[in-house]
Every structure is written in structure tokens, then in C-alpha cells.
Amino acid sequence: MTTILQSNLLCFEYTIQVPSATFSKSRKKWHSLFATIYCSRKFSSLITKTATANDEARVVHRSPSHVSLAVMQENSPFRIDQPTLIELVKEKKIEKLRKHGGVDGVASGLGTDTQVGVSGSAEDIERRREAFGSNTYRKPPTKGFFHFVVEAFKDLTIMILLGCAALSLGFGIKEHGLKDGWYDGGSIFVAVFLVIAVSAVSNYRQDRQFDKLSKVSNNIQVDVVRGGRRQQISIFDIVVGDIVCLKIGDQVPADGLFIDGHSLQIDESSMTGESDHVEVNGNQNPFLLSGTKVADGYARMLVTSVGMNTTWGQMMCQISRDTNDETPLQARLNKLTSSIGKVGLAVAFLVLVVLLVRYFTGHTTDENGNREFNGSKTKSDDIINAVVGIVAAAVTIVVVAIPEGLPLAVTLTLAYSMKRMMADQAMVRKLSACETMGSATTICTDKTGTLTLNRMKVTKFWLGQESMEEGASSISPFVVDLIHQGVALNTTGSVYRASPGTEYEFSGSPTEKAILSWAVVELKMDMEKTKKCYAVLQVEAFNSQKKRSGVLIGRNDDDTVHVHWKGAAEMILALCSSYYDASGVEKDLDDDERTKFEQIIQGMAASSL
């Protein structure tokens, strides 16, 4: 096709490039006409040939059979791909997990040590992000200013006012001329414009500010193990292969597999709607879903999918978060406006019918006392003007009945309330939230209502009935060893030290960190050494109902078994029948002694301890 086109164009170019000096004036016209005809015929023949060539090309020849292969990167450091990981957790089939070597096999395929975690280097994290994605969700596009203008137009009162303004403007100009007839309709348009402008600008600004606030509030800190060190990172920084530490109240940050833990109960109501808690363990159900919450126990999990590859991410893609629910005030105003509008329309229609009947039956007179309508003698222009005046009077009734200042007054009031709340450091996303809060009759707060650094420290230590101000020097080594066991083994926190010369790093809840810090610094506890001497046989995790946690441990040397309890002082006291003093002597706990302990507990509670 290209060769044909080039050869013909060359021929055509040769034809039209004959020197014009060789032709007379009449022959020049003939030459121009010939060139035009030749050009059109050549191009039409080329189009025909092209169509024929295309028809020949449409003949489908049998191609040899082939096999499709899913090819992984040649130098990929991971032996398991993303679709396989998604299916493992989504289908919750333990047999398929066993085919991959269980949790340890999946961890090995992801290049993760279940004890040390991922290396945590910048190159390793980036490589995992490129292979499996980041832990972020696709957000709906940001709403522009025009969206809020359209939303403001959808208000029922605004639409009624716009209709009234248009009618008032048209009839006003028709009756009084352009110079004086635009006042009524124009003033309504100005009022409507102010309402829409104030509402749209305020909602647009608050939406932008709330988006910024959401980025901060959604940035949850999560405990992970990287390079053998337990640390807190942003939920957005989690990658596939990470080891995440979960405790009561935590949200599961990604899809994953249970590694180890005790009494782990998961609330999956956000995913399945079932209120019953699901037990997660390593034998029967090691699958954890993003978006669920830890109801009881604690555990470590291996992250297998993040972001849009998780079950939660796929579900959120199909859900629209926009809701058009009316606030109580909007519902009341719309009901009021609708009622006023119906009454106004009914009265206006009645007035319109009465005035038309009076006019056409000759019961109306002009300024001179003459009848306005005299049948066929009345000019058509006079009839049209009279009817327009009657309709304008009916429209005026409707306009007066609808309170055009009401939406503006409400909008300005809510905007003022919002600014007052902003001055008190209270973020308001929508103006209507001020009205909703204004309708609240009961506000519930917690018992303290204070803001703190969220860092706790052991300030009082009672052993038996003695307050130990001197530290561990005056305590029996036997009792100190018991305390080491209870602190090191009955905890969900951890202690990390990079090298002997560096400071300790404590992780866990504020209470756990305070107790661990006290035991390590004051009582010289070696957590790793203590853990190696004992085997944890069973754990009862802390929750708000039991108010205590327990651990059943076996000593590796002599196979003796001990149980350690920790929790609210009055709950632990109720379990006790004897106690140790500082010298390690065991004493009976009779009623008199129990009363003394209760007084000590009350005294500490009175001091906010």
C-alpha cells in the first residue's frame, strides 16, 4: 500500500510540476482541470485498493496452539506470589496452607524470620513495596468546590425560592418594565446567592481541613518486629512479611497468619456481621483479616497482604461512603418549608381563580370606573396585561409565604457556631454537625477526662504491709526472684537493648512499660535470662471484665509449676490466703491482715495510684 501510494504521488507530482511558462492562459486552465481530475481518480483508486487489502487482512489464518505461563521475575527474592497469598487468607483453607509448609513455610517464602522479622533496611522495605504494594487504600476523588455548590442547590427551600424569583422577575419586568420591575425577583436571587455562597464555601473549607485531620487520625501506630527489635511504626508503613504484635483493642492492620500467642479472640463483626468472637490459633484457624479487632488475648502475626490486596481493601472499594441523611434541623426546616409552600400555593391558586372569575365576569373596573372586560370589545393586549397582573399577584403571595431569609439565617448561625468551636480547637467537618451537637441532651465522658503524656512510672512499691522506699537492697533474693518471674513472664510487653552500652527500649501498654522499666532498672531484672529458665504452659490474657492476667509456668531445671497473677489490687487480694514480707517469710492472711491491705489499697487509690 505504501509503495503504491509513493509511486502514484511521484507521478502526480511530476504531472503538476510542469513549468507554467510552457502553457498559454487557456491551456493553464486545462492543465489545472486535468490535475484535479487525475488527483481525485488516483485517490479514489487508492481507497479501493486499501479496502481490498483490508478485506484480505480480515481472513483469519489458523495459528499454532500455545500455552500461557505466569512468569515471575527471574531475580525475585520471594518464592510466593501475591495472588497465592490473597487466596490463602481469603479462602481460610488450612489444607492449602499446609501445602505451602504452614506459617513457617510462607514466612520462609517471603524471606522473613518469625523471631527476628524482616531486616528493616530501606532497600528491603522498598523491594517488598514494589512486589506486594503499600498498606494504603484507594480513596474516592476529592470533591471540588462546584460539588458543594450543587449540593447547596439541592435544598428544597432554595429550589422553591429560585422558582419564585424567576416568576417574580419575569412578571415584574412585564408589568413595571425593566427599570423598576426587577427589584423583587432580583432581591430574592441575591438572597439565594448569599445562602449558596456561604454554605458552599464553609463546607468546602471544612472538607479540606477534615481531610488533613483524617490523615493524622488514621495514622495509627502499630507494634512490629524488625531486625529482632520491637518498634512502633505507622500503619501505612507495614509491608508484606512484617511481624505484627497484637493485643486487646488493636485493629488488625493487614491480612495475615497467626504465628504464636495466647487466648486470641477476634471480633469480625465489621466483616461478617456476626457478633460472636472468633478464636484464632495455629492449629485450626490461623487466618487474620484486616479491619477486624482483637477482643481478647494477644499474638504475633505474619503479614501476607496489605492495602488494596486485603479483604477489607477490596470490600471498601465497592462501598460508597457518601450519605445524604438529613440532620434534625434540616428535616424540620424542609417540613416547615413544604407546609408553608403548600399553604401558599393553595391560597395563591384560590386568589388566581377568584380574580380570573371576577375579571372575565365583568366585576372589575379600571381607574375611571369602567368595566375592564367587555367581551369581544376588549382588546387582546388588554386581556393579556390583565391576566399577567392577576398571575403576578398570585406569585407575590407565594413569594411572601416562603421565608427566603430563613436558610440564610440558619447557615450564618451554623457558620458562626463552627468558628466558635474552631477557636476551642474542635474540628467540624460539616456545618450541620453544630446543629446536631446542639440537640444533644446528655454528654458522656470518662471518669478522669484529663490529657496526659501517656507515660506511666512506678512511684510506690509495697511488699506485704511495708512501703519499700530503699529499693531491692533490703528485699530477700527469693522474693526478688518471684517478682522477676511475675514481671518477665506475665506480660505482653518486651525489652530491647541493641548493645550492652546502650539504653533499654520498652514496648507495650503504658502500664506494662512502667512495670518493665521498674523491674529492669530498680530490681536488675534480666528478662531474656528469666525467659530461658522457664517454659510458659498457659496464659490467661488481661481484659476489662477479669481485671487480671495470669501465666502458668514450668521451671526447666526441676519441672516445678507456678502460677503468677497480676491485675487490680482488690482482685488479686481476693485470691490470696497468705503473703510474703520483705525478708521472705510467708505469713497467713487473716481477716485483720486483709483489712489492713484493703486500707493500703484505698490509700493508694485516694492518691490516684
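**Reading contacts, patches and backbone angles**

Reader: Which residues does Ile80 touch, if residues up to four places away in sequence are not counted?

Author: Leaving out residues up to four places away in sequence, Ile80 touches Leu85, Leu88, His100, Val106, Gly109, Leu110 and Phe132. Please keep in mind, as we go on, that this is a predicted model.

Reader: Where does Ile80 lie, and is Ile80 buried or exposed?

Author: Ile80 belongs to the loop between helix H2 (25-57) and helix H3 (82-91). A residue is called buried when its relative accessible area is under 20%, and Ile80 counts as buried because its value is 7%.

Reader: How far apart are Ile80 and Ser108 in sequence and in space?

Author: In sequence Ile80 and Ser108 are separated by 28 residues, while in space their C-alpha atoms are 9.3 Å apart.

Reader: Let us turn to the surface. Which residues form a nonpolar patch there?

Author: The nonpolar patch on the surface is formed by Ile173, Leu178, Trp182 and Tyr183, which together have about 420 Å² of accessible area. One of these residues, Leu178, sits in helix H8 (residues 156-181). Exposed means over 50% relative accessible area, so Leu178, with 62%, is exposed.

Reader: Which residues form the negative surface patch, and which elements each supply at least two of its residues?

Author: The negative surface patch consists of Glu586, Asp588, Asp590, Asp591 and Asp592. Strand E16 (586-588) and helix H20 (591-606) each contribute at least two residues to this patch, and Asp590 is placed in the loop between E16 and H20. Values between the limits for buried and exposed are called partly exposed, and Asp590 counts as partly exposed because its relative accessibility is 40%.

Reader: What is the phi of Asp559, and where does Asp559 lie?

Author: Asp559, again a residue other than glycine, has a positive phi near 60 degrees. Asp559 lies in the loop between strand E13 (548-555) and strand E14 (561-567). Its relative accessibility is 64%, so Asp559 counts as exposed.

Notes:
Residues are numbered from 1 along each chain as its sequence is written. This is a predicted model: local features need pLDDT of at least 70, side-chain atom pairs count only at pLDDT 80 or more; totals for chains, interfaces and linings use all residues. Side-chain values use heavy atoms; hydrogens and water are left out. Patches are made of residues with over 30% relative accessible area and no salt bridge: like charges are joined within 9 Å, nonpolar side chains (Val, Leu, Ile, Met, Phe, Trp, Tyr) within 5 Å. Accessible areas come from the Shrake-Rupley method with a 1.4 Å probe; for residues, only the protein chains shown count as cover. A salt bridge is a side-chain nitrogen of Lys or Arg within 4 Å of a carboxyl oxygen of Asp or Glu. Helices (H or I, at least four residues) and strands (E, at least two) are DSSP runs, numbered from the N terminus. Buried means under 20% relative accessible area, exposed over 50%, partly exposed in between (1.4 Å probe, protein chains only). Lys and Arg count as positive and Asp and Glu as negative; His and the chain ends are not counted. The place of a charge is taken as NZ of Lys, CZ of Arg, CG of Asp or CD of Glu. Contact means heavy atoms within 4.5 Å.
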